[in-house]
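Here's a quick look at some charged pairs, a helix and a pocket. Have the viewer open while you read.

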Amino acid sequence: MPELLAQVAQTVGMMAVMAKSALSYYIKGPRCAKWPLWFQLHRDAIHRAIYTKPHRQPTDDTIDDIDFDRMAAENQKWDLPESQLPEDIGKCRQTAIRVSHVEIDTAAFACTGAAEQKLVALTEADRQGQREIPAEVCVPASLAAGQDRFACRPLFRGEKIVLYLHGGAYKFGSAASHRALTGRIGSHAGRRSLTIDYRLSPRHPYPAQLHDAFIAFLFLLQSGFASRDIVVAGDSAGGNLALALTVLVRQLGHRPAGLLLLSPWSDLTTERPSLQRNARFDFLCAPPLSSPLSPARTFYAPGRRLSQELLDEMAHPLVSPVNADFAGFPPTLIQAGEKEVIVDEISQLYENLVAHNPGAHRGRYVYECYPDMIHVFHQFLGLPDAQYAIARAGEFVRNL
C-alpha cells in the first residue's frame, strides 16, 4: 500500500507540473523562442522526474548509510527506454564482444597514476573469465545488400566505422536507448556503427566503463579495422568516455579517424557558472559535487568521502579529459546547446583543444553551439535543430 500511495502521489505531482508548464506556455509564451509546447512539456516532465530538493541530499556525514547496490537496482528499474529505428533509415542487430578474445598488453600502459593502475587491475581480473560486452551493430539502409553487413569486419579496404558510446550519467542508458540517434547519424554518414553496453555505475565504478570502451576499440582493430578508420563518438557521459578513450589509445600509438562529441561531459571536478545560469532551461539537475550522490562521485568512487586527494584523482585526463594534452588530437566536431548547464565546460574543452593546436587547419576542430537548445537535444528528434545537428554530425563522419 505505501508503494501504491507513493506512485499515486508521483503521478499527481507530474500532472501538476505538466499543467503548470502548459499554462505558463500559453500565458507567458515559450521559455525559449525555439521551444514548441511539446518540447517544454517534455523538458519539465524529465526535470520533475529526476529533481531532488537540496535539503534532501545526503552529506558525507551520512555516506555510510547509502546503499549503492540498491541505488544501482533502482537505476536499472528506471533506465532509459528502448528507442526504435525505422527500417528505411537502418537496421540494428545485437552482438557481443568476448573479453577473453581481446588481447591487452598491460605493460604498454604508462602506470603513472591511479587511473592507469585501476585499468591494469581490471584487465588482469578479466583474463580468466568468460565476460562478454553486449553490443549492437547498426547498418544504414543505404548500404548495399549481399554482404555480411552486421559482422564487425571491414566490408572493403579503408571502410570507416563509428564506435559509439552512449550517454546517461554513467548510470543509465544502453545501445538500445540510443539506437534512434546512432542509426540516424550512421544513415547521414553512410557508415556502420558499433555501440556497446559498457558497465554502469555505481555497481561498476571507474574505470570499468573506460576498460570496456578500450576493449571495444581493440576488438575493432583485431577484426581488421585500422585505428585511422575508427571514428569515436559519444554523447554526455559517452562524450567523456570517447575523449578518455582517445587520450588512452593515443598514449599507445593509435590515431582514430576523428571524434564526434554531443554535449560532452569533460570535467568532473569543476562546477562552472552555466550550472546556475541555465538551471531553469536544462532538464539536467544533478546533485552537486559536495553530495555523495553526485554523478561524478558515484561514477568514480561511490561511498568515498570528498577530499583533495579524491579531487586530484578525478582531475586526471582519463577521468576529466578537459585537462588532457590535446596536441595532435584527431579532427573533432563538438555540438552543444546554448541553454545546457554544462555549456561552459564544453566551451572550455573546445578552447583547450584549439589552444593546444595553434597551427591546425581551421576546419579540423569545430564547435557548434545551438541557440535555445539543451543537453543532448539531438534525442528530441522532432526539433528542427536536432535534425540539422544530426545531419551535420553525419556529414562530419562521412568526410573524415
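A salt bridge here is a side-chain nitrogen of Lys or Arg within 4 Å of a carboxyl oxygen of Asp or Glu. Keep in mind that this is a predicted model. By that cut-off, the structure holds 20 salt bridges, and three of them are set out below.

| Pair | N to O distance |
|---|---|
| Arginine 31 and aspartate 44 | 2.8 Å |
| Lysine 34 and aspartate 385 | 3.1 Å |
| Glutamate 74 and lysine 77 | 3.3 Å |

Glutamate 74 and lysine 77 both sit in helix H3, 3 residues apart, so about one helical turn separates them. Glutamate 74 is partly exposed at 33%, while lysine 77 counts as exposed at 53%. Elsewhere, shared partners join Asp126, Arg131, Arg199 and Asp212 into one salt-bridge network.

What about the other two pairs? Lysine 34, in the loop between H1 and H2, and aspartate 385, in helix H12, are 351 residues apart, so to speak distant parts of the chain that get linked. Arginine 31 is partly exposed, with 21% relative accessible area, whereas aspartate 44 is buried at 7%.

Aspartate 44 is also one of the buried residues of H2, among them Phe39 and Leu41.

Now for the second largest pocket, with about 210 Å³ of space. Its lining splits into 4 nonpolar, 4 polar and 4 charged residues, including Asp79, Lys171 and Arg199. Arg199 also touches alanine 208, a residue of helix H6 that is buried at 3%.

Terms used
Residues numbered from 1 in each chain as written. Predicted model: local features only at pLDDT ≥ 70, side-chain atom pairs only at ≥ 80, totals over all residues. Heavy atoms only, no water. Buried < 20%, exposed > 50% of the residue type's maximum accessible area, 1.4 Å probe, protein only. Helix = DSSP H or I, 4+ residues; strand = E, 2+ residues; numbered from the N terminus. 1 Å grid on protein atoms, 1.4 Å probe; cavity = no way out; pocket = protein on both sides within 12 Å on 5 of 7 lines; lining within 4 Å. Points joined across faces, edges and corners; volume = space filled by probe spheres on them. Nonpolar A, V, L, I, M, F, W, Y, C, P; charged D, E, K, R; others polar. Contact = heavy atoms within 4.5 Å. Lists of a residue's contacts leave out its neighbours within four places in sequence.
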